[in-house]
Amino acid sequence: MTISIGNDHAGTIYKNEIISYLESKQIQVINHGTNTNDSVDYPDFVHPVANDVENGKVDFGIIICGSGNGASMTANKHQKVRCALCWTTEITQLAREHNNANILSIPARFTSVHQALDMVKIFLETEFEGGRHERRVEKIACS
């Protein structure tokens with residue numbers, strides 16, 4: 001499995017912890033995020049993750065910014081991306097089961113690192129249910 005990850009200045013600590021977790025599970029990581037706490041513009045670090053997902057270079061993406069909103073909005077501009085802003089494991093699970101989300105957006109200022117790691121684990125372990133949800137997912141992208 002390969003994961004693309006990106007973050008702004010609010011998510012640097014989270015990204016580093018997530019990368020450590022992923023690598024401990026033998027998951028390959030492509031890091032597009034900033035490595036400092038200096039203010040940066042999140043789209044510069046989110047578009048590369050969304051491109052990796054959209055082009056099939058990776059299995060999933062993880063993006064992190066302060067609220068998770070800007071990062072999620074940016075990622076969802078890409079046609080083949082279904083980015084879910086999640087702040088609990090329950091929402092994360094539903095995003096995979098019902099929406100076949102392929103990018104997880106984490107709000108660093110509203111979750112703990114521990115919660116974020118739990119969400120990453122759930123995101124990667126949860127399968128899309130398909131069935132009635134497949135029809136709905138197929139209607140998401142604009143043509």
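**Close-up views of a predicted model**

The structure, a predicted model, holds zero disulfides.

**View 1. Cys65 is in no disulfide.** The nearest cysteine sulfur belongs to Cys83 and lies 9.4 Å away. A disulfide is a covalent bond between the sulfur atoms of two cysteines. The cut-off for the sulfur pair is 2.5 Å. Cys65 is buried, at a relative accessible area of 3%.

**View 2. Cys86 has its closest cysteine sulfur in Cys83.** The two sulfurs are 8.1 Å apart, too far for a bond. Cys86 has 0% relative accessibility, so this residue counts as buried; the limit is under 20%.

**View 3. Helix 4 packs with helix 5.** Two packed helices are described by the angle between their axes and the distance between the axes. Helix 4 spans residues 89–97 and helix 5 spans residues 113–125. Their axes are 9 Å apart, at an angle of about 20 degrees. Angles under 35 degrees count as roughly parallel. Helix 4 and helix 5 are therefore roughly parallel to each other. The crossing of helix 4 past helix 5 is right-handed.

**View 4. Residues of helix 4 meet residues of helix 5.** Helix 4 contributes Thr89, Thr92, Gln93 and Arg96. Helix 5 contributes Asp118, Met119, Ile122 and Phe123. By class, this contact of helix 4 with helix 5 holds three nonpolar, three polar and two charged residues. Asp118 and Arg96 take part in the contact, and both residue types count as charged.

**View 5. Helix 1 crosses helix 5 at roughly 45 degrees.** Helix 1 covers residues 12–24. The axes of helix 1 and helix 5 come within 10 Å. The two helices are therefore oblique to each other. Their crossing is right-handed.

**View 6. Side by side, the residues that join helix 1 and helix 5.** From helix 1 come Ile13, Tyr14, Glu17, Ile18, Tyr21 and Leu22. From helix 5 come Val113, Ala116, Leu117, Val120, Lys121 and Leu124. The contact of helix 1 with helix 5 divides into 10 nonpolar, no polar and two charged residues.

**View 7. Leu94 sits in helix 4.** This leucine is partly exposed, with a relative accessible area of 41%. Leu94 and Thr126 are 32 residues apart in sequence. In space, the C-alpha atoms of Leu94 and Thr126 are 8.8 Å apart.

How values were computed: Residues are numbered from 1 along each chain as its sequence is written. This is a predicted model: local features need pLDDT of at least 70, side-chain atom pairs count only at pLDDT 80 or more; totals for chains, interfaces and linings use all residues. Side-chain values use heavy atoms; hydrogens and water are left out. Axes are lines fitted to C-alpha atoms, for helices over the stretch in contact, and angles run from 0 to 180 degrees between N-to-C directions. Helices (H or I, at least four residues) and strands (E, at least two) are DSSP runs, numbered from the N terminus. Angles under 35 degrees count as roughly parallel, over 145 as roughly antiparallel, 65 to 115 as roughly perpendicular and the rest as oblique. A crossing is left-handed if the near helix is turned anticlockwise from the far one by less than a right angle, and right-handed if clockwise. Contact means heavy atoms within 4.5 Å. Buried means under 20% relative accessible area, exposed over 50%, partly exposed in between (1.4 Å probe, protein chains only).
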